[in-house]
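This briefing goes through one structure, topic by topic. Keep the sequence and the 3D view at hand while reading.

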Amino acid sequence: MALFETRALTKDFGGVRAIDGLDLDVDNGEIVCVIGPNGAGKTTLFNLVSGMVPADEGEIRFEGRSIMGLRPSQILELGIARTFQTVRLFPEMSVRENVMVARHCRTRSGMLKAIFRAPSFRREEKETRQWAEQALAFFGSRLTGWRFDTPARSLSYANRRRLEIARAMASEPRLLLLDEPTAGMNPRETQELTELIRRLRDETGVTIILIEHDMRVVKGVSERVVVLDYGQRIAEGPYADVASNDRVIEAYLGRTATTA
Amino acid sequence: MAEPTVAVEAPVAAGGELLPARQVDLWRAVRLGLVGGLTAVFVSANGMVLAFSKRALLGGVTLGSLLLVAVPLLVGYLAGRPPPVLQGFATPRPGWRNLAGGLLAGLLSGVVMAVFVTLIATFDVRRVFINVTPELVRAAPRLLTFGLELGAGGLVLVLTLNAMLGAVAGTLQLLGERWRRAVFAVALWVLAFAMLQPFVVQVLRGIQAELRIWTAPLAEFLYEPSGALSVPGAVAVAVVAFGVDALLTREGRRPVRTRLEVLPERSRRLLRLAVLAGLLFVLGLLPQVLGPFLSEVLNIAGIFLLMALGLNIVVGLAGLLDLGYVAFFAVGAYVTALLTSPQSSLGVGWIFWAAVPFVVLAAAVSGLVVGTPVLRMRGDYLAIVTLGFGEIARLLFLSDWLKPTFGGAQGIIRVRDITVGPIEIGGPQAFFYAIFCFVLLATYVTYALQGSRVGRAWIAMREDEAVAEAMGVNIVTAKLSAFIAGAMLAGFGGALFATKIGSVFPHSFSVIVSITVLVVIIVGGMASVPGVVLAALVLVGLPELLREFAEYRFLIYGALLIFMMQQRPEGFIPSRRRAQELHEEEVPQDAWLRTQTTMQQEAAPAGDGRSETS
């Protein structure tokens with residue numbers, strides 16, 4: 001059974017059908033790339049899966065149970081974490097705190113425990129801190145050391161993207177949704193992140209779905225590529241197959257005059 | 001510790017050639033002068049000058065006349081200030097332009113004032129402007145012309161005085177940064193001592209009475225019988241102020257924080273204990289030293305502080321703009337009154353402490369009641385709806401429907417005092433300790449929550465609600481818990497208020513209480529506890545202390561709010577992060593420029609105004 005599946009998933013925005021009867025299966029431990037032209041419904045798919053936008057029809061199942069109608073926080077708790085296309089951090093919070101927020105669903109202590117500094121509260125805080133620092137250490141020394149306490153908005157663009165991934169990973173997800181993780185990065189950083197995404201999967205076993213525009217990344221990282229256009233899946237398979245698929249070329253470049 | 005910064009290519013010609021400096025803008029001086037003149041007219045026409053002229057400050061100078069001369073000083077100073085140095089431009093050399101700018105602005109404000117003075121001297125405008133009294137120009141004190149008759153040099157005096165003061169203030173810009181600061185420090189100290197005369201005198205007398213240190217003669221030395229600062233007193237204050245300022249800004253002085261950081265952990269802990277002990281000692285003696293009246297002032301400020309700390313959680317940490325905060329204050333007060341007054345509808349007459357759990361419970365429930373319907377609202381909508389809730393609460397307590405329980409407009413009287421064992425905490429001096437304990441508790445709670453899982457959830461929610469939810473923060477719980485925590489602190493405030501006054505009436509819980517508390521946290525600095533403490537003392541305590549301010553309180557609040565939003569949106573004592581965020585753009589540019597200018601004019605005594613953190 002697939003780790004994650006959607007069945008006949010549909011979402012309309014007014015008259016626009018952003019996702020149109022989408023069936024998608026992702027197996028445990030896979031790295032799947034979702035590509036497609038602008039407006040194909042890729043980010044909408046992520047918004048539906050993470051619960052930030054309610055779906056109109058169809059079903060989303062994760063580990064065999066439906067997650068339709070759950071709050072985003074509940075979906076994160078089940079094990080689906082995401083990053084955002086336009087980086088959305090908590091700018092005023094420190095780098096460490098940003099990541100610590102993601103541990104919210106894995107911790108329990110409430111106001112009373114915080115006020116009375118209960119031993120369980122202290123232990124939990126310490127663990128949360130360690131978790132956050134560990135998650136950040138995954139990116140080498142870039143986000144560690146003195147950077148722990150700098151506010152998130154002082155980071156460079158590439159580091160913000162890294163911090164977003166660290167934040168998502170700190171919630172111990174089984175499925176990670178990365179929305180254009182390399183956007184705004186230079187070629188070297190892109191290359192590095194490509195390797196990192198693989199390492200992430202190999203070391204933690206997390207299943208990854210990513211939206212990507214950079215075909216080198218798609219080629220380098222994905223085991224399977226899903227192509228969306230007008231909210232429908234128009235092709236699926238290994239990169240080489242998809243790249244030579246006529247419908248995909250048509251979706252990206254338009255119908256050529258001769259084939260018409 | 002910082003990484004080496006990457007040099008940014010500056011948009012200037014090769015060779016580091018700088019564009020000519022931008023000079024003092026004379027049109028800006030004209031604008032400032034006119035605005036200043038209008039401000040002076042405004043404060044004269046609304047009666048502030050007359051009301052404030054009853055407080056003598058120094059010699060013949062009253063607070064009212066200070067208000068008049070402050071206008072040319074201020075606009076002159078601003079007009080003489082060179083425009084901010086942009087990247088790639090040279091730093092302007094100080095010179096006659098600063099003086100001319102100040103002179104022009106001062107003169108223009110003088111002209112506006114002179115026109116106004118002539119106008120009210122020739123026509124009687126009192127039918128429309130009732131505060132334009134004869135005392136301003138026509139009759140004896142002639143406040144606006146400083147005692148002179150209009151024909152006998154009054155107009156000339158207004159004009160020359162304004163122009164001169166403007167020029168003097170503009171000349172201040174010629175001084176180096178350090179000297180300018182020293183002038184400001186001295187002026188502020190003298191002004192503070194002159195304004196706070198009742199406070200200073202009481203403290204000096206109180207210290208003598210309590211500690212048998214010979215301080216009362218000092219009060220007689222500093223102040224004349226009229227309440228004004230004596231000339232030797234003013235000189236003494238100025239000298240001390242100058243000395244302290246010189247000591248604090250001397251070359252190579254490291255900030256206290258960094259000096260503390262190099263100390264070993266042991267001595268740091270010892271120092272902390274010593275400071276705490278000293279603080280407790282001072283606070284323990286404070287009500288005795290201050291006497292009943294000042295203690296009462298402090299108590300009022302303390303109750304508002306308690307509320308401000310609560311609202312700080314709701315607005316500052318969780319980012320939920322609540323304008324109906326007074327509702328929780330009212331709930332706390334009414335529950336206390338119901339349970340402790342023998343004459344209430346319940347008539348149980350419990351002691352205060354027995355009522356406290358119910359206050360907490362009732363406040364939490366009311367937080368839930370207000371919080372639940374507004375869960376889906378943000379920003380402006382939330383503000384409007386909570387504003388409505390605040391009014392609903394007041395009207396409910398006032399209503400005929402609930403009159404059997406809450407007594408309607410008659411309220412509930414004979415609320416019992418707080419008792420500690422057999423001792424009744426009656427007078428304001430004893431009451432100070434009770435308030436102090438609650439404030440301490442609230443401060444602790446704020447700090448404890450701020451750095452906890454719940455606090456992080458609140459801050460994340462303030463930053464980006466949708467992302468916080470996507471990152472696992474249940475927004476419903478987070479919002480409700482913020483409302484409940486805030487409501488509890490306001491409830492405590494209400495409980496203390498009820499016992500302090502000894503009775504509760506619905507009219508004490510109008511919307512203006514919510515607004516005042518909000519102003520306190522905005523002016524003090526959102527999410528900053530020291531800022532809120534200072535703002536509560538200044539904004540609530542000071543108007544109680546200086547009664548002539550009371551009438552113009554909300555005018556001053558309004559002006560202060562506008563000023564803060566324009567110049568210091570992060571508040572007087574901001575939480576460190578916020579300050580960085582709101583002034584972010586200035587730093588990289590200035591940092592680049594400073595490397596350029598320091599290389600060129602090393603001789604210039606440029607004191608490093610702002611020390612930025614990378």
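The model is predicted. Chain B has 25 helices and four strands, and chain A contains an open sheet of four strands. The two chains touch through 28 residues of chain B and 30 residues of chain A.

**Chain B as a whole**

- DSSP runs in chain B amount to 25 helices and four strands.
- The C-alpha trace of chain B spans about 75 × 70 × 55 Å along its principal axes.
- In chain B, 40% of the 614 residues count as buried.
- Among contacts in chain B with a separation of 6 or more, 76% are between residues 24 or more positions apart.

**Contact between chains A and B**

- Chain A puts 30 residues into the contact, and chain B puts in 28 residues.
- On the chain B side, at least two residues each come from helix H16 (428–450), helix H17 (453–463), helix H18 (465–470), helix H19 (475–501) and helix H24 (576–582) of chain B.
- H17(B) contributes the most to this side, with seven residues.
- By residue class, the side of chain B that touches chain A has 15 nonpolar, five polar and eight charged residues.

**The sheet in chain A**

- The four strands of this open sheet follow the order S2-S1-S4-S5 in chain A, and their pairing is antiparallel.
- Strand S2 (16–26) and strand S5 (65–66) of chain A each have a single partner strand and stand at the edges, so one side of each has no neighbour in the sheet.
- Helix H1 (residues 42–49) of chain A packs on the sheet and touches strand S1 (4–13), S2 and S4 of chain A. The direction of H1 in chain A makes about 70° with that of S2(A).
- Strand S4 (residues 57–62) of chain A and S5(A) run antiparallel and are joined by two bridges.
- Phe62(A) has Arg65(A), in S5(A), opposite.

**Two residues of chain A with positive phi**

- Arg117(A) is not a glycine, yet its phi is positive, near 50°. Arg117(A) sits in the loop between helix H4 (111–116) and helix H5 (119–137) of chain A.
- Is Arg117(A) buried or exposed? Arg117(A) counts as exposed because it has 11 C-beta neighbours inside 10 Å, and the limit for exposed is 12 or fewer.
- Glu180(A), also not a glycine, has a positive phi of about 50°. Glu180(A) belongs to the loop between strand S7 (175–179) and helix H7 (187–204) of chain A.
- Glu180(A) counts as buried because 21 C-beta neighbours lie inside 10 Å, and buried begins at 20 or more.

**Asp245 of chain B**

- Asp245(B) is part of helix H9 (residues 231–248) of chain B.
- Asp245(B) is partly exposed because 19 other C-beta atoms lie within 10 Å, a count in between the limits for exposed (12 or fewer) and buried (20 or more).
- Leaving aside residues up to four places away in sequence, Asp245(B) touches Arg181(B), Ala182(B) and Ala185(B).
- Arg181(B) is 64 residues from Asp245(B) along the chain, and their C-alpha atoms are separated by 8.1 Å.

Methods
Residues are numbered from 1 along each chain as its sequence is written. Chains are lettered from A and ligands numbered from 1 in the order in which they are written. This is a predicted model: local features need pLDDT of at least 70, side-chain atom pairs count only at pLDDT 80 or more; totals for chains, interfaces and linings use all residues. Two strands pair if DSSP finds at least two bridges between them. Two residues are in contact if their C-beta atoms, placed from the backbone, lie within 7 Å. Axes are lines fitted to C-alpha atoms, for helices over the stretch in contact, and angles run from 0 to 180 degrees between N-to-C directions. Ala, Val, Leu, Ile, Met, Phe, Trp, Tyr, Cys and Pro count as nonpolar, Asp, Glu, Lys and Arg as charged, and the others, Gly among them, as polar.
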